[in-house]
Amino acid sequence: MSGPLTLFDKPNSYIGKSVPRPDARRLVEGRGKYVDDLQLPRMLHAAFVRSPHAHAEIGIIDTAAATALPGVIAAYTATDLADHVSPYVGILTHLQGLRSPPQMPLAVDRARWQGEPVVMIVAQSRAIAEDACELVEIDFHTLEATCDAKTALQDDAPVIHAEFDSNLAWQRTVDAGNVEEAFNRDDVTVIEREFTFGRHTGVTLEPRASVVEYDPSEEVLTYHYSGQAPHMMQAVLAKHLRLLEENVRIIARDVGGSFGIKIHTYGDDVATAAAAKILGRPIKFIADRNESFVSDIHARDHTVRGRLAVDAEGKIAALEIDDLTGIGPYSMYPRTSAIECNQILNLTGAPYAIDNYRARGTVVFQNKNMMCQYRAVGHPVAMAVADGLLEEAAHKIGMDVVDIRRHNLFADNAYPTNSAAGMKFDDLSHQKALEKLVKFMDYDALRQNQTEARTQNVYRGIGLVSMVEVTNPSPMFYGIGGAPISAQDGASVRLDAAGALHVSASITEQGQGTNTIIAQISAGVFGVDIDRVKVTTGDTATTPYGGGTWASRGAGIGGEAVLQASHALKQQVLDVAGVILQAVSDQLDIVDGHVVDKDAGTQRISLADLGKIVYYRGNELPADVTPELIATRHYRVTDFPFVFTNGAMAAHVEVDVETGFVKVLNFWAVEDCGRVINPKLVDEQIRGGVVQGIGGALYEECIYSPDGQLQNASMADYLVPMAAEMPDIHIDHIETPTKTSVLGAKGAGEAGTGGAPAAIMNAVNDALRPLSTSLHQMPMTPQRILKALGKV
Amino acid sequence: MINSQNISLVVNGEPVSASVPNRTNLVDFLRNQLGLTGSHVGCEHGVCGACTLEVNGSMIRGCLMLAVQADGAEITTVEGFTSRDKAAQLQRSFQKNNALQCGYCTPGMLASALEYVEAGGGADRAAIRQHLSGNYCRCTGYQSIVDAVVDVIEQGAKQ
């Protein structure tokens, strides 16, 4: 890639600086604009009757009493919506063999998970709508449920979809090298373990939220959206509500957390849009917390058998994994629920040079809430399996856990290279990251502390992980499989008559600081004060087309589009300035809102004056000079399916062997996400991610009864990390810019969540090791630890 | 059965009279009837802390109190914080330390932090974490929030 070489070290560049978020002030003053804050004229409210059963035939539905309640406007069943919504199917053609039946927003004939919406009530207030839900009578005939993924494929398991012969949704295998031969070698030590990863969920503090308005005179549907991918949602709603895509407008203003949860197609949201279209009135649906637990997608739910062979020097001879995952009764639309399993097959052992790798993934249907992509899709599982096995192997052959990594991590000069699973890697720094981490955490001192503590019956453990993160995905992720999901993103940058920049971009903001880094890049590349940059995101009517913010792609893909557009606009402005000033445009630059002589730095004309000449007094320009003062650029990754990042993390924990409680004493992360645009924002992404990972490792689990009832669907029962349990998290960086773009930025949004569980699990097992026990089930709850210790 | 009652109260220094359904909780009243959407609803059962606000000098959960119980009360929400010294300092410090991402927990988090700071709490990180442990934040991992509170306390100590 070519680009302006001085871009990142110019005095007025904001890239690499911890610029505070300009929009944060609005949020601290209570001036946020979240979906539930909207109150539109004649707005109605939706509530849903959800299936209380995991699996049941739906008989007669009687809504008479509900609709008779004063204030109730309408009640809808699946039959009522059948003419208004076309069914959707969560498959992608490149995930060959993946199958899932057509799905409708409300359950048709049969409910397949506890929490599936069955009847929608629309009323003048949410309270009235909920009152009416209580009055709906549904004749359910319960059926035996298939809940445990482990038994879902047995011959006697109830088949969830009559059109399929079994509960199998998808299967994939990877076989590289000669695994059998390697495991049979005389000189290898083999470690075999079963790892279990409980279901957990996103618990966004702002629940899923929709306000939908429909104007029948223009057939325009406007969807106020709390989510990450406006253009995807535009395509989905247009297709399934039978509207022209250009007549669907998606607006995402402030989003109260998403983490992948709000990027999917939910029946209750689609039903809300359908009802708004039918009634021609705005409708609000805000999931309450119970609804969030039973209907927001869940994630993980994997059982992985893994075995690893290492030789006496600790060199990995072979790795084999077998992953089984339950995804609920349908594959989620349109991203599918096979991606997490696919990622696990792609990523397990990915930091290491492994010749012999075999993996099998099995995805099954079950009568539980649906499972789909949530922050760090597959990564926590893949990293915990590989690094869990590796640390066990190290101890078995008497080698230090750092040394065994040194022997196996890809060398920093090995790139470009491919992993055994076929992942293409470039610009990574595993060895450097590990060495930096060891120094950063003072590994030797911690080991000494551990030994001393043990003499006093205090059980402390140190656990590490070396990891990769999938970021900046190309069209190979979704688009290739037929999903209406853009892999490219766009940015338009224009100069106004006052000399300010207006950037509109297709990437989106959910609090990570997207709008801030857009302003930083644009201000820096173009040459104005950041206060003079106004950023618009999250509106399909006013931004270029693009994918949005997910899979850690905002900075790397959207940021590059902003960079290219800002650079193009700058060239335009310099060309106009050259005409106005009768100078050679190559010898001009833009600094602090002024066109200057490149060499001397002398100010020649302010951007405001230039803007006024172009916009107001065009007569002063020659007739053949027709400045645009707006530039649009789009960018997609072309050279690689994904741009990987790498990192190394470590946890220091103390296990109370009497109570089973784990205290996280300290946590360190060294991350290489390429060019860092805003160090503070990157650090905060990693910290938040680490804490989310600690949650999955120690606390969070959607606990189901054998008959498919979610038993802890409230925040009082489902444990999330709170301030008192969390440690301070220490972050350091290596910057190896990706060569796929001028900006050189990779993603950083998911590394913490992807890596932390492995480090925590390894640390807990390190603490338990003198007691000759181990635990490979997440979350590692006190009860499970006590069970591992034989105390309960 | 009486389904609604008239209440009079003072919200952010402004006298307000309204008729509210008995079953409406305080935060829904403030948000939906008064348009004070700064206080957020996260769980509606008193666990997440997003609706924390001040009633008669005490920080309470706006979802665990009925609006009719607030008759005669003096209430301060995040919209009223800017005019209060320590609260405004916390708001600036939250921004400087990036102690928020999505911002949804922030009004409640600020309220709990304000309670700690105004009670003369010290810059002890563990004590701050303990005090904030009833406010859920999914984004930050809490460290930057603790940093923001510490900064305000330390600035206060210097003055």
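**Chat about the model**

Visitor: Where does P334(A) lie?

Guide: P334(A) sits in the loop between β14 (316-326) and α9 (339-347) of chain A. Helices (H or I, at least four residues) and strands (E, at least two) are DSSP runs, numbered from the N terminus. This is a predicted model, in which local features need pLDDT of at least 70 and side-chain atom pairs count only at pLDDT 80 or more, while totals for chains, interfaces and linings use all residues. Residues are numbered from 1 along each chain as its sequence is written, and chains are lettered from A and ligands numbered from 1 in the order in which they are written.

Visitor: OK. Is the peptide bond from Y333(A) to P334(A) cis or trans?

Guide: Cis, with omega near -5°. Another cis peptide bond joins M778(A) and P779(A), with omega about 0°. P779(A) is in the loop between β29 (777-778) and α19 (782-788) of chain A.

Visitor: What about E219(A), what is its phi?

Guide: Positive, about 55°, although E219(A) is not a glycine. The loop between β9 (209-215) and β10 (220-225) of chain A holds E219(A).

Visitor: Buried or exposed, that E219(A)?

Guide: Exposed, with 12 other C-beta atoms within 10 Å. The cut-offs: a residue is buried if 20 or more other C-beta atoms lie within 10 Å of its own, exposed if 12 or fewer, and partly exposed in between, with C-beta atoms placed from the backbone. A376(A) also has a positive phi, of about 70°, and is not a glycine. A376(A) counts as buried, with 34 C-beta neighbours inside 10 Å, and lies in the loop between β15 (357-364) and α10 (379-396) of chain A.

Visitor: Zooming out. How many helices and strands in chain A?

Guide: Chain A has 19 helices and 29 strands. Its radius of gyration is 28 Å and the globule rule gives 28 Å for 792 residues, so chain A is as compact as a globular protein of that length. That radius is taken over C-alpha atoms, and the rule is 2.2 Å times the number of residues to the power 0.38. The C-alpha atoms of chain A fill a box of roughly 85 × 75 × 45 Å along the principal axes, and 60% of the 792 residues count as buried.

Visitor: What share of contacts in chain A between residues at least 6 apart in sequence join residues at least 24 apart?

Guide: 80% of them. Two residues are in contact if their C-beta atoms, placed from the backbone, lie within 7 Å.

Visitor: At what angle do α15(A) and α16(A) pack?

Guide: About 80°, for α15 (residues 554-581) and α16 (residues 607-615) of chain A, with axes 11 Å apart. Axes are lines fitted to C-alpha atoms, for helices over the stretch in contact, and angles run from 0 to 180 degrees between N-to-C directions. That makes α15(A) roughly perpendicular to α16(A); the class covers 65 to 115 degrees, with under 35 roughly parallel, over 145 roughly antiparallel and the rest oblique.

Visitor: Which residues make the contact?

Guide: V573(A), V576(A), A577(A) and I580(A) of α15(A) meet L610(A), I613(A) and V614(A) of α16(A). By class that is 7 nonpolar, no polar and no charged residues. Nonpolar covers Ala, Val, Leu, Ile, Met, Phe, Trp, Tyr, Cys and Pro, charged covers Asp, Glu, Lys and Arg, and the others, Gly among them, are polar.

Visitor: Now chain B. In what order do its elements run?

Guide: From the N terminus on, β-β-α-β-β-β-α-α-α-α.

Visitor: Which domains does the assignment give chain B?

Guide: Domain 1 (4-80) and domain 2 (84-158); such bounds come from an automatic or database domain assignment. Their centres, over C-alpha atoms, are 22 Å apart. The contact takes 13 residues from domain 1 of chain B and 11 residues from domain 2 of chain B. On the domain 1 side, strand β3 (residues 52-55) of chain B gives the most, with 3 residues.

Visitor: Last one. How many residues does the contact take from chain A and from chain B?

Guide: 42 residues from chain A and 40 residues from chain B. On the chain A side, α1 (24-28) and α17 (679-699) are the elements that give two or more residues. The largest share, 7 residues, comes from α17(A). The side of chain A that touches chain B has 20 nonpolar, 10 polar and 12 charged residues.
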